[in-house]
Each structure stands twice: as structure tokens, then as C-alpha cells.
Amino acid sequence: MNYTALSLAQTPPLSVPLRFFITAPLFTIAAGLIALWFGPELFESRWSYPLLAATHAITLGFLGSVMIGALQQLLPVLAGTPLPKPVWLSATIHLLLTVGVLLLMAGWLLAEFALFEFAIWLLAAALLPLVLLLIVTLFRSESKHPSILTMIFAVIGLAVTAVLGLDLLAGYTWSEWVLNRGLTDIHLGWGLVGWLAVLVAGVAYQVVPMFQITPDYPKLMMRGYAPMLLGLLLLWTLLQADWITWLIALMLAVFAIVTLRLQHQRRRRIADVTLDFWRLAMGSLLLALLLWLLAPHLHLTPIAPVVVLIAGFAVSAVNGMLYKIVPFLIWLHLNNRVQALGSWQGKIPNMKQIIPERQARWQFRLQLAALIVLFGALLVPEWLLRPAALLWIASAAWLGWNLLAALYLFRRIVSDAQDVG
């Protein structure tokens with residue numbers, strides 16, 4: 001991967017992705033507060049309302065926000081096809097998504113299903129037109145990079161996840177709408193594998209070689225991984241056969257092992273906190289698969305593999321992405337602004353100065369500690385769930401602070417440049 005493959009001239013305004021990135025940690029803090037308030041009750045049942053509220057705060061509020069913001073940033077740059085009216089589109093989707101998730105969480109926490117009626121319309125208005133627009137834009141792209149193909153499949157995964165989720169929500173909301181709880185596992189499978197795992201792979205094809213100076217992923221994998229994974233997911237949805245589940249697990253394990261191997265072969269052997277986040281994510285993915293494999297022989301809560309997959313794999317990978325994407329975007333927009341102002345001679349910080357390694361490193365330590373205690377809480381929730389929640393809140397707050405500090409630095413330098421100009 002190299003920068004020449006990117007259409008940097010198509011970069012949307014900084015506010016387009018950044019509004020999603022800045023508010024996303026608030027949802028992980030909310031999930032931590034729910035865990036702190038309800039304690040061990042959270043893990044008593046997969047159907048407990050506080051658990052559903054906390055899960056959607058992380059999956060839709062944090063992961064969904066960051067991924068949707070990243071897609072609006074990456075699509076024009078990778079595919080060379082800008083989205084129409086990007087600032088208006090971004091602001092509208094952000095508002096609809098944020099309020100929709102808050103109403104969804106409130107509905108679960110208060111057991112007030114009337115709130116779901118508003119959440120359904122808001123989330124449908126945020127997600128469904130966006131999915132359609134993304135698919136049209138991706139198909140219009142002339143870029144042949146495998147990430148484009150992978151993103152098409154990830155957006156299809158998002159579409160299926162959203163439709164299934166809205167159907168389940170409608171079942172809770174309207175008595176005349178049949179609530180089919182059997183769709184829950186399918187909704188979860190498409191959300192975690194079809195949407196998140198495929199999109200992480202698509203972003204990894206770009207971010208890992210580009211920022212961690214590793215060899216590229218194998219070409220066969222970049223071309224075939226996403227269609228095979230979604231094909232298997234579709235078969236699993238129709239047949240619900242165990243052998244298909246095994247094949248999906250095997251493919252996820254292959255992605256984790258290949259990523260770890262590439263990172264081991266990186267050409268620049270210096271400490272990099274984003275590398276540690278990615279390693280934590282891949283290790284968690286392998287641990288989640290191992291827990292799923294051993295589940296019949298262990299006295300663990302049935303939700304253990306899902307908790308490890310969401311909190312360990314997805315959140316850590318997205319966290320690591322933010323520490324590369326945000327400094328790069330701020331550095332890029334600062335250069336563009338300064339060039340536009342012409343004669344300004346001030347110094348533009350490099351990416352390591354926009355979010356200092358030391359600040360990100362402390363957040364990584366908190367994230368690692370939170371995960372270790374959270375994994376322990378799967379065994380003894382009455383002792384460890386609340387300490388895990390406190391660490392989780394601290395980690396999310398530190399991430400939010402680091403992102404806000406980067407935004408403040410951007411605004412200060414632009415202001416100084418305008419004063420001089």
C-alpha cells in the first residue's frame with residue numbers, strides 16, 4: 001500500500017468523520033455506567049434489558065458511529081467517488097443515529113417499549129438511505145483495490161444487520177408485529193461477522209501495511225475473504241448447520257493469524273501503540289473463538305465468547321484505528337489549510353505530536369486492564385464486574401480526551417495561521 005493509491009484530493013471536510021469519532025467514546029462510557037449500576041445482574045441472562053442496552057451502546061453507539069464516520073472518510077479517498085453534500089449528510093446521519101441509539105438504550109433500561117417506536121424511525125432514517133448511498137457509490141468506483149470489494153460486502157452486512165434489528169425492534173414495539181426471537185442470533189451473527197469483522201478486514205488491508213510498514217495481505221485473501229465469509233454466513237442463516245459455523249470460525253482465525261504474522265514481519269521495529277491495540281484485538285479474536293470451542297466443557301456464561309469478541313476484538317481494533325486515522329486526518333487538513341493560506345511559516349506537528357504516544361499508551365494500559373478484569377468477571381461477576389466497569393469508563397474517557405485534545409490542537413494552529421495570514 002502506498003499513498004499514491006489514495007485520492008487525497010477527494011478528502012471530505014474534517015467535520016464529516018470527526019463528529020462521529022468525538023461522540024463515540026460517550027457510548028462506551030454509558031455502557032460502563034450501566035455495568036456499574038446493575039453489577040452482576042448484567043450477566044444473569046442474555047435477554048436482560050440492561051445487557052441489551054449496554055450491548056447496543058457499544059455495538060451501535062461506539063462501533064457503529066466510528067465505522068460509519070470512517071466509511072464516509074475512506075470511501076471518497078479509496079474509491080475516488082465523493083458522497084453528495086458530505087457535511088449535510090454527515091450531520092444528519094450523526095444526529096439521527098445518536099438520538100436513535102439513546103432512545104433504544106432508554107427503552108431497554110426503562111422497559112418502556114414506546115420509546116422503540118421513535119428509535120425505529122430514527123435508526124431506519126439514519127442507516128437505510130446511508131447503506132443505499134454507500135452501495136451505489138462503491139459500485140460507481142473505478143478503483144480496483146480489494147478494499148473496495150470488501151467494503152461493498154461489509155455494507156451489505158450492515159444492511160442485513162439493520163433490517164433484522166429493526167424487525168426485532170418492531171416486534172417489541174407493536175403487538176400486531178410478530179416478535180421472532182429466533183432472528184436474534186442471526187442479527188448478532190451478521191452484525192459481528194458480516195458487518196464488523198468484514199469491515200475491520202477491509203480497513204486492515206489499507207491501514208496495517210500503510211501505517212505499520214508491513215507486507216501487504218496475500219492477494220488471494222484480499223480478493224476472496226469477504227465474499228467467502230458472507231457466502232458462509234448466508235448458508236449458515238439458511239441451514240443453521242454446525243459445520244458452517246466451524247468454517248466461519250476458521251476463517252476468522254485465519255484473518256487474526258495472518259494479521260499477527262504480517263505485524264511480526266513489519267519493517268520498522270519501533271514501539272507503536274496502535275500495533276499493540278491491533279495485537280490485543282487479534283489475540284481477543286482468537287480467545288473468543290477458543291471460548292466458543294470450549295464452551296460445552298467450561299462453566300462459563302454462554303455470552304462469554306460474544307463479550308470477548310465485542311469488547312476485546314472489535315473495540316480494541318477500532319481504538320487502534322482511531323489513533324492512526326485521526327492524527328493522519330488532522331495532519332492532512334492542517335497541510336491543506338496552511339497551503340491555502342500561502343505564506344504562513346508556522347510549524348505543523350507530525351502525526352506523533354498530534355496525539356502523543358505517551359497519552360495513547362496510558363489509554364492502552366487502561367484498555368488492557370479493563371479487558372483482563374472484564375474477562376475475569378465472566379467467571380466471578382459478583383467480585384469483578386464493577387471494577388471492570390470503572391476501568392472501562394476510565395479507558396473510554398481517556399480516549400475521548402485524546403481525541404478532543406487533537407481537535408483543539410487543530411483549531412489552535414488554524415487560528416494562529418489565520419492571524420498571521
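Helices (H or I, at least four residues) and strands (E, at least two) are taken here as DSSP runs, numbered from the N terminus. The structure is a predicted model, in which local features need pLDDT of at least 70 and side-chain atom pairs count only at pLDDT 80 or more, while totals for chains, interfaces and linings use all residues. Residues are numbered from 1 along each chain as its sequence is written, and side-chain values use heavy atoms, with hydrogens and water left out.

The protein chain contains 13 helices and zero strands, and its pattern along the sequence reads α-α-α-α-α-α-α-α-α-α-α-α-α. With a radius of gyration of 21 Å, close to the 22 Å that the globule rule gives for 421 residues, the protein chain is as compact as a globular protein of that length. Here the radius of gyration is taken over C-alpha atoms, and the globule rule is 2.2 Å times the number of residues to the power 0.38. Along the principal axes, the C-alpha trace of the protein chain spans about 65 × 45 × 45 Å.

Of the 421 residues of the protein chain, 58% count as buried, where buried means under 20% relative accessible area, exposed means over 50%, and partly exposed lies in between (1.4 Å probe, protein chains only). Contact means heavy atoms within 4.5 Å. Among the contacts in the protein chain with a separation of 6 or more, 78% are accounted for by residues 24 or more positions apart. The protein chain exposes about 18200 Å², and carbon and sulfur atoms supply 69% of that area. Accessible areas come from the Shrake-Rupley method with a 1.4 Å probe, and for residues only the protein chains shown count as cover.

Lys and Arg count as positive and Asp and Glu as negative, while His and the chain ends are not counted. The place of a charge is taken as NZ of Lys, CZ of Arg, CG of Asp or CD of Glu. On this basis, the mean positions of the 24 positive and 16 negative charges of the protein chain are 16 Å apart.

The expected span of a helix is 1.5 Å times one less than its number of residues. For the 24 residues of α1 (residues 15-38), this should give 34 Å, and the end C-alpha atoms are 36 Å apart, which agrees. Helix α1 is mostly covered, with 17 of its 24 residues buried. After α1 comes G39, whose phi is positive, near 60°.

Helix α10 (residues 304-341) holds L309 and also N319. L309 counts as buried because its relative accessibility is 15%. Not counting residues up to four places away in sequence, L309 touches L192, L285, A288 and A314. N319 has 2% relative accessibility and so counts as buried. Neighbours within four places in sequence aside, N319 is in contact with F277, Q363, Q367 and L399.

Helix α4 (residues 114-140) is the place of A119. At 0% relative accessibility, A119 is buried. A119 touches G100, L103, L104 and L169, again leaving out residues up to four places away in sequence. A119 and G376 are 257 residues apart along the chain, and their C-alpha atoms are separated by 34 Å.

I213 is found in the loop between α6 (183-212) and α7 (219-239). Phi of I213 is near 50°, a positive value in a residue other than glycine, and I213 counts as partly exposed at 23% relative accessibility. Within α7 itself is L232, which counts as buried at 12% relative accessibility. L232 touches I244, L247, I248 and M251, not counting residues up to four places away in sequence. L232 and M251 are 19 residues apart along the chain, with their C-alpha atoms separated by 9.9 Å. The loop between α7 and α8 (242-264) contains Q240. For Q240, phi is near 55°, which is likewise a positive value in a residue other than glycine, and at 43% relative accessibility Q240 counts as partly exposed.
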